[in-house]
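My entries follow the order in which I checked things.

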Amino acid sequence: MRTPRGKLLLVLSGVLVVAGTGWGVGTLLRSPADEAAARRPPVPSLVTVEVERRELVATVVVSGTLEYGSPRPVTLAGVVGGSETVQRATRAPRRGTLVEGTVLMEVNGRPVFVFAGRVPMHRGLVPGAEGDDVRQLQKALRRLGHRVPVTGVFDAATVAAVSRLYAGRGYEAQQPTLELRQRRDELTRAVRTAREVLVTETKALDQGRDVLPLKLRVTGARRDLREAEQALKSARAQEHTAEDEARVEAAESAVRAAEEKLLAAQQELTQAGATPTAAPTATPTTTAVGTPPAPADTRLLELRVANARADLAAARSALDRVREEAGAARAKRLTDLEKAVRTAREALATAEQALRQARQLSPAELKVANARSDLAAAQALLAEFSRTYGTTVPPGEVVFLPRLPARLHKPSVKAGEPVDQAVATVTDSAFVVSGSVDAAEAERVKAGLEASIETESGATVPGTVTAVAGRDTQGAVPVTVTPDSMKGLRKLAGGPVTVRVTIGATGRKVLVVPVAAVVTAADGRARVQVETAPGRTKEVEVRTGLSADGAVEVTGDLGPGERVVVNSG
């Protein structure tokens with residue numbers, strides 16, 4: 001027998017079942033009008049975006065790898081040391097920073113130095129070598145504090161600086177090898193032997209019977225010429241001979257005596273004319289008062305004066321004649337001596353010519369000529385060898401790198417291994433990002449543009465585009481970006497990074513709308529549709545500027561906050 005509560009639950013369950021069944025049937029059964037209304041499309045509406053005022057920056061994204069820049073292999077230009085034996089590394093290159101003057105490695109116990117320079121080492125530097133590589137080495141030595149003039153010639157000053165460089169690093173600069181020293185000794189002996197042969201053959205020629213009389217004649221002619229020249233020189237230096245000088249002095253003495261005699265006669269005549277003589281009287285006791293004395297008789301004195309003048313004129317005439325005779329005698333003597341000199345010279349020339357002709361015709365002359373030629377050849381070989389003999393820089397002991405400091409990235413040879421290929425790989429000490437962009441975007445990427453380097457950890461480092469050139473095998477253009485700072489990048493070396501290259505920026509806040517909102521009409525002018533009310537718009541003419549990330553800079557009758565249509569549907 002059921003309870004009242006049970007009956008009530010049974011009735012409620014039946015009611016719910018009937019109600020549910022009625023609702024389900026009602027939902028499945030709709031009128032045609034309801035069905036058409038349900039299938040009608042929604043009322044079209046406008047898709048709008050708000051006009052913004054913000055700074056716009058256009059970028060190109062480059063995916064790349066952070067690595068040390070400019071990797072390049074390092075090879076040795078030749079042998080290390082002066083031997084051509086097998087070259088083996090006795091101290092391998094080590095990772096680290098390379099600065100000027102660093103010893104990169106050791107080969108056969110010899111050092112390999114690193115210097116800055118763009119001219120590669122391509123030969124050994126020997127005394128007397130000239131060129132840009134020598135000038136480059138001299139500049140490097142000066143940067144290291146060695147006083148050496150930059151002449152481009154591997155001279156004694158450069159040799160001294162190189163020797164000091166090696167000694168400062170605990171090595172000895174390369175000296176001539178045993179083979180070179182032996183070769184120099186051989187050339188020296190050859191010169192000495194050729195000289196001895198020449199002396200012997202010359203002596204045999206000079207002592208030969210066919211030329212000995214002629215040689216004696218040449219010797220006598222030379223002696224005669226010297227004596228004639230000495231006599232002429234003495235005669236020219238002497239005004240008169242001793243005999244002529246005595247005759248001139250005697251004539252001059254006679255002139256002086258005649259002058260004295262004339263002067264004495266003139267004085268006596270003058271005195272006689274100044275003293276009158278008393279007149280004779282008839283009576284000695286009677287004197288005529290007022291009668292003047294009679295003049296003195298000077299005829300004898302006047303005769304003496306006249307004779308003295310004649311004697312002086314004769315003495316002077318005799319002196320002139322003696323001087324003329326002495327001058328004529330000197331001129332004749334000089335003429336005779338000059339003729340004697342000419343005769344002696346002619347005799348010497350004749351004797352020398354005869355000797356030369358005799359020697360040329362002599363069989364011994366050929367031996368002398370050959371010996372002289374052999375000596376000249378031996379001396380030329382020794383001089384040529386000596387020009388490059390001395391302290392040298394072997395081609396393998398110097399490596400020039402375009403930039404220093406550099407970073408030794410990876411050694412390629414171990415101690416004990418032969419050195420016949422690249423010994424290491426070096427890079428710049430600064431990081432770069434190496435990536436590529438599509439050819440279309442590469443036209444907008446230029447060296448010098450600013451960039452932002454984003455690491456996987458989210459850090460951002462500013463940088464600069466330093467190279468855009470060429471195309472790879474897939475047609476992309478390689479791009480190199482250099483970070484402005486290396487701080488925090490060492491642990492990320494070799495990892496991927498993303499670079500955003502700024503190709504343009506407004507530099508200030510401008511009006512910005514989506515690119516899809518700008519429509520170019522048939523007249524070529526750009527316009528946007530501005531929503532004025534729900535479902536209503538108006539066209540506004542604009543001028544476009546920089547575009548980036550789907551947005552474009554516009555100017556016109558617009559304002560921030562207005563909404564522009566990007567699509568209608």
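**Ground rules.** I am working from a predicted model, in which local features need pLDDT of at least 70 and side-chain atom pairs count only at pLDDT 80 or more, while totals for chains, interfaces and linings use all residues. Residues are numbered from 1 along each chain as its sequence is written, and side-chain values use heavy atoms, with hydrogens and water left out.

**Whole chain.** I counted 10 helices and 20 strands; these are DSSP runs numbered from the N terminus, helices being H or I with at least four residues and strands E with at least two. Of the 569 residues, 32% are buried (under 20% relative accessible area; exposed is over 50%, partly exposed in between; 1.4 Å probe, protein chains only). I then took contacts (heavy atoms within 4.5 Å) between residues at least 6 apart in sequence, and 70% of them join residues at least 24 apart.

**Cores.** I looked up the largest nonpolar core, which has 22 residues. Such a core is a set of buried Ala, Val, Leu, Ile, Met, Phe, Trp, Tyr and Cys residues joined through side-chain atoms within 4.5 Å. Phe115, Leu137, Phe154, Val162 and Val393 have the most contacts inside the largest core. At least two of its residues come from each of strand 7 (110-116), helix 3 (132-143), helix 4 (156-168) and strand 8 (398-401). Helix 4 gives the most, with five residues. A separate core has 20 residues, including Tyr68, Val437, Val479 and Val481.

**Phe115.** Setting aside neighbours within four places in sequence, I find Phe115 in contact with Leu137, Leu165 and Phe400, among others.

**Gln136.** I checked this residue of helix 3 and found Gln136 buried, at a relative accessible area of 11%. Beyond four places in sequence, Gln136 is in contact with Ala116, Gly117, Arg118, Val119 and Phe400.

Strand 17 (residues 526-533) and strand 18 (residues 536-548) pair antiparallel over seven bridges, and Ala533 stands opposite Arg536. Two residues lie between these strands in their hairpin, where Gly535 in the turn has a positive phi of about 85 degrees.

Strand 18 is also joined to strand 19 (residues 551-556), antiparallel, by five bridges. Val542 has Gly556 as its bridge partner in strand 19. This hairpin too has two residues between the strands, and Asp549 takes a positive phi near 55 degrees.

Technical notes
Pairing = 2+ DSSP bridges.
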